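I opened this entry to keep a record of what I looked up, chain by chain and strand by strand. The notes follow the order in which I went through them.

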Amino acid sequence: MKHYKTILLGFLALALGSCEEDTPETGGNPEDNGWVLVWSDEFDTPTEDNRPNPSKWTYELGASGFGNGELQNYTDKEKNASYTTFKGEGCLKITALKDGDGATYSSARIKTEGLFEFQYGRAEARLTLPYGVGLWPAFWMLGADYATRTWPACGEIDIMENKGIQPNIVSSALHMPGRSGGNPVTSTFGYQDRRFDTDFHVFAVEWDKEKIVFLVDGTPYHRVEKAAVTDGEWAFDHPFFLILNVAVGGTFGGNPTDDTYFPQSMYVDYVRVYQKPEDIDPDANYGDLSSGSSINGWDFNGEDSDKGLLNPEMQ
Amino acid sequence: MDKYILNAAYALSFSAVLMALAGCERDIDTDVLATSPNLSEVFIDGFASGVDYQAWGKPTNLSQDTETKYSGTASIRVEVPNPNDLMGNFAGGTFFAEAGRDMSGYDALTFYAKSTVPTTIVTGIGNYGDSPEYTVTLSDVKLDVNWKKVIVPLPNPSRLTSEKGLFFYSAGAVDGEGYAIWFDEVKFEKLGTLAHTRIADTSMAGFPTGDIEISELTAFVNLPNGMDQEMTVSSKYFTFSSSNPEVATVEGNVISFHGAKDRAVLTPNEAEGSITITGVYDFAPEPDKDEADVVSLYCDNYANTLSSPMNGYWAPYQTTTNDEITLSENHHIMHYGNFNFVGIVLDEDANTTGKTCVHIDILLQDEVEGAQIDVSADINADGTHAGQQAAVPLKTGEWVSVDVPLNGASSIHQLQLAITDGTPNYQNILVDNIYFY
């Protein structure tokens, strides 16, 4: 009897299991693994001017090439960063245009600097990448103290970077003194028969005082233990802020060709940051949440201070 | 009891699986069941079952080579003849399956190829039979002495449920010399790494009535190396939606106009890009001359006893392209795009004895103020005008009838149309009703 039940349940499980959307994003809910959601932007409700929420995001501007020979001019214009609906999801769209606005290409690089910074936790973004030779989309973090501790001493955590010439491969990297520029601690993740520019994929980093682990669609593929890094100076024990951008050209993946099709957009369904309860820091900058906001059982009683300083208190 | 439970378990589990299959396969179209085999192989180490070859160029150019191959035991060797070969001056042919193949589960034809000298070949699928429906043509595939994997993307594989044309190629001599090409591992694959099918954005004129078949389209698919592969594909690969059905709708690959005078955008459901109907224009005025008094080149109301390619492609400065709009068997209009000037050189000079003028109707499509066109009838290839060159103002969306005096010329070699110097540029004009009277 038990044997038959097993057969029956097995088939039922197969039947029900096969009805779930067969997406690659099967990493499960981080909150089931003890993570507490402390910050997010779901991009579901457009702002008045359709640009990124200024309480969460600010801009990196200019056409300096950023030390990488990049060809784009970053703007704060709606044409380069705006709300949209993509594949039925409310999204932020970061768009690279070949429109000659300040450079051959214009694009956007948004960041949470001064608005939300955190130390240790899980940061993830659900993204559909742009495509084509010369496109360089990225989801990454920079040490918030970069003004006083010059890069790479401030640390850089590249959660996802993609070369337009490799639409089915992404990479992650840690930049620190001794391992930076063209020699970071890096690894790649690829699908043999799937691309990152046709559907949403979840790119995440899990970071604590001992290690940093990079994940794609729930699969950990790059684990860096602090103790194992002997040829670099660990630079990841202080707050970082988030960055999303679409660069064009440069030393990472090369420049566009005449055939590269523009405009090209990276669609951001959401960005979420989780922390383990022991890493939630009452003095950290959790952003401009309204007084009394409650997230996942945590009551953020902080006022809308100019720094958005919040004082979490477990209910 | 146990037997009952077992049967019940099997029945339930079978039902569960059925439920799973029925509940999850949402995309199967049960209206059309594929009956053709879905074999992937065309040539691996020999011709796949049911595959035959039809030569287009030199018929003896193809053989199997067991010495030079990418993998396995054999490849296809093609001898590209020199241009003077009496048996055929190029190599070409198509591999076909007379029974048809279901390729809807694949997204590309792939093969490995190399050549003894650097060359460029044409290749693709769907080119078999008198009326191929689903062609894909890559016109610029470069080969050299190293094996290279060539990917021919299928722009909408769901259309290919019974395709006979599996693989074709053609190649010509390089620097007047023949050479050899090898093909190997020719097969259909589901790569999963092709994406972003896009047709080139184009614009066209609309008309109050009539049907226009959408011709082959320039299309692009992004390859696994991030590069866009340019192709020429049959418009039948796509299903088009109209932004303004009162202007036009599309059934299959035929545009039907419905009278409304507005703009409409035709968008393929299976690809990015669009075809824009920039406006709906009246037809040119009906010619009012007796046919007996007319020598006609391009007019559906008269027998066209004259002929011309309608475009001299005069290098190096001419940019003008042309394509004929066929609204019905008896209704044609010539479209000139990227217009700067064009020579309409007659295949044989027109005998214009007793004729006084050449007539031509011209419509400007572009929204341009102050546009003007020069029209002349020339008695020779040097461009000696028969009479005065006419400088004619054009008005957007309206036909302008031009009658250029022949000044007694007894024969005309060519007509010339050109944007008048010093006047605003424009790119698209329609031309109809060219005749001498």
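I began with the contacts in chain B, where two residues are in contact if their C-beta atoms, placed from the backbone, lie within 7 Å; of the contacts with a separation of 6 or more, 72% are between residues 24 or more positions apart. I note that this is a predicted model, in which local features need pLDDT of at least 70, side-chain atom pairs count only at pLDDT 80 or more, and totals for chains, interfaces and linings use all residues. Residues are numbered from 1 along each chain as its sequence is written, while chains are lettered from A and ligands numbered from 1 in the order in which they are written.

I then looked up the overall form of chain B. Its C-alpha trace spans about 105 × 60 × 40 Å along the principal axes, and its radius of gyration is 28 Å, whereas a compact globule of 437 residues would have one near 22 Å (taken over C-alpha atoms, with the globule rule being 2.2 Å times the number of residues to the power 0.38). I found one helix and 31 strands in chain B, these being DSSP runs numbered from the N terminus (helices H or I, at least four residues; strands E, at least two). Of the 437 residues, 37% count as buried, a residue being buried if 20 or more other C-beta atoms lie within 10 Å of its own, exposed if 12 or fewer, and partly exposed in between, with C-beta atoms placed from the backbone.

For the domains of chain B I used bounds that come from an automatic or database domain assignment, which gives domain 1 (41–189), domain 2 (195–280) and domain 3 (291–436). The C-alpha centres of domain 1 and domain 3 of chain B lie 42 Å apart.

Which strands pair with E9(A)? Counting a pair if DSSP finds at least two bridges, I found E16(A) (residues 240–248), antiparallel over nine bridges, with A:Trp140 opposite A:Ile243, and E10(A) (residues 156–161), antiparallel over five bridges, with A:Leu142 opposite A:Glu156.

Last, I checked A:Trp151, in the loop between E9 and E10 of chain A. A:Trp151 is partly exposed because 17 other C-beta atoms lie within 10 Å. Not counting residues up to four places away in sequence, A:Trp151 touches A:Tyr146 and A:Glu156.
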